[in-house]
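User: Hello! I am new to this structure and would like to learn how its descriptions are reached. Could you walk me through a few of them?

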Amino acid sequence: MTYTENLPSEFKNQLSCFGLFDVIVVGGGPAGIAAAVTASECGRSVLLIERLGFCGGAAVAGLSGTICGLYMTVEDPQKRTPEQIIFGFAERFRDALYREGGLTEPQVYGNTWVATHDCAKYKKVATNMLRAANITVLYHTQMIDVIAEDDELKGMVLHTKSGFTSVYAKKVIDASGDADVVYKMGLKTSKGNNGVIQNPTMMFKVGNVHMEKYLAYWGENTISPPKVVSMLEAHDDLLRKKVWLFPTVNPGELLVNATKITGFDKRALDVTDPVDHTEAEQFSIYQAEAFFNFMKANVPGCEDSYFIDYATEVGVRQTRTIDGMATLKNDDVINKRKFNDGIVKTSWPIELHYGAKPKTEWLVNDYYEVPFHTLVPKVGKNIIVAGRCLSSEHEALASCRVTAQCFEYGRAAALAADIAISEEKPFQMIEGTHIAQLMKNN
């Protein structure tokens with residue numbers, strides 16, 4: 001069976017073949033960038049498909065704006081020096097971004113640290129890496145259907161500004177964030193806690209902040225101090241009661257993470273539903289405006305600030321999760337479990353954004369590891385995922401989904417694709433310990 005029956009017959013006859021690649025990467029977020037560059041550097045021909053006109057995913061389009069997950073979580077970061085625990089491709093990108101002048105020094109975030117990046121510099125660093133690796137990139141291109149025989153993925157149908165085309169690959173890395181390729185294949189996916197997923201958010205930037213006055217009031221911790229939380233709790237129109245404000249590399253500029261996006265009727269939204277996704281974008285504009293007005297009225301240093309811009313789109317924390325050969329359990333995170341086939345460490349907290357009150361559970365002075373086979377669907381040939389759609393329980397995903405780890409998922413997926421091609425074996429048969437060792441060696 002070939003999964004193209006949803007395509008109108010007049011389009012099937014017009015399909016041209018764009019080409020055959022060793023590896024196709026769907027999605028140009030942190031996981032997709034790392035996957036594409038790593039696969040190319042393994043000597044593979046690579047096509048990267050991205051629906052927008054730039055790479056960066058939620059880190060840029062969603063303006064999430066920080067590299068999270070690089071550092072160990074500790075009891076009192078203001079008395080400690082940041083201890084970096086993630087290296088590999090994440091460090092390679094971090095270093096390039098820093099050298100480009102697009103990344104701050106580590107900033108205190110609760111019990112850990114983050115570094116805030118400039119989105120324009122992020123786009124440039126990603127472009128530099130992709131071009132240096134001679135990767136074929138198609139922007140403004142969407143994967144709309146798969147070409148498969150039973151559970152074996154052969155290629156995909158793409159939609160471009162010039163119409164429909166087909167493309168074929170030996171292996172596909174689904175770095176869409178939403179498991180779009182896995183879903184189109186008809187393979188099993190799930191969503192959150194019995195369908196309840198984390199709230200999206202709308203990030204925005206504010207300029208002309210008097211930073212000295214602002215920092216004297218707010219403090220060095222980027223998470224809102226208790227006095228601000230108390231004020232927010234008195235405002236019914238502001239749905240988020242704990243907010244995060246990050247000074248950026250630009251003078252007088254703050255990156256603001258302060259919105260909670262619901263429907264206009266206060267229902268939880270599922271952004272894989274186009275109606276909900278549209279409503280999220282609309283509702284977010286009013287929430288961002290309301291918090292900006294709160295800042296100007298209540299936060300010293302922000303009196304003369306101005307609104308720079310919203311993110312290109314709402315930031316999505318969670319949608320589909322694959323049914324993987326291994327699943328990262330909530331228990332694995334809480335108990336800081338290590339695995340023989342662990343591909344990346346993380347000390348990032350469980351940071352759950354849904355319901356009346358968000359949940360944060362810090363993992364202090366330790367880390368857990370994510371097993372390789374959380375990236376591999378139980379069923380489906382030639383397909384592996386990278387990014388937040390890995391196989392994970394709901395609360396575990398609220399920790400393992402962040403940027404530094406997504407870079408490393410992409411690298412692990414690409415190393416696995418290289419082995420799968422060389423040894424002519426399915427992803428399900430690859431030894432996770434082999435990938436884990438390669439991750440440590442590179």
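This is a predicted model: local features need pLDDT of at least 70, side-chain atom pairs count only at pLDDT 80 or more; totals for chains, interfaces and linings use all residues.

User: What makes Ala404 buried?

Analyst: Buried means under 20% relative accessible area, exposed over 50%, and partly exposed in between, using a 1.4 Å probe and protein chains only. Ala404 has a relative accessible area of 0%, so it is called buried. Its place is in helix α11 (residues 403–422); helices are DSSP runs of H or I with at least four residues, strands are runs of E with at least two, and both are numbered from the N terminus.

User: Why are α2 and α4 called roughly parallel?

Analyst: The axes of α2 (residues 30–41) and α4 (residues 119–132) come within 10 Å and cross at roughly 20°. Axes are lines fitted to C-alpha atoms, for helices over the stretch in contact, with angles from 0 to 180 degrees between N-to-C directions. Angles under 35 degrees count as roughly parallel, over 145 as roughly antiparallel, 65 to 115 as roughly perpendicular and the rest as oblique. Therefore α2 and α4 are roughly parallel to each other.

User: Which residues meet there, in α2 and in α4?

Analyst: From α2 come Pro30, Ile33, Ala36 and Val37, and they meet Tyr122, Ala126, Met129 and Leu130 of α4.

User: How do you know that Cys55 is too far from Cys119 for a bond?

Analyst: A disulfide is a pair of cysteine sulfur atoms within 2.5 Å. The closest cysteine sulfur to that of Cys55 is in Cys119, 13 Å away, so this is too far for a bond. By this rule the count comes to 0 disulfides. Cys42 is in no disulfide either, its nearest cysteine sulfur, that of Cys55, being 18 Å away.

User: Is Asp150 buried or exposed?

Analyst: Asp150 counts as exposed because its relative accessibility is 56%. This residue is found in the loop between β7 (142–149) and β8 (152–160), and has a positive phi of about 55° although it is not a glycine.

Notes. Residues are numbered from 1 along each chain as its sequence is written. Side-chain values use heavy atoms; hydrogens and water are left out. Contact means heavy atoms within 4.5 Å.
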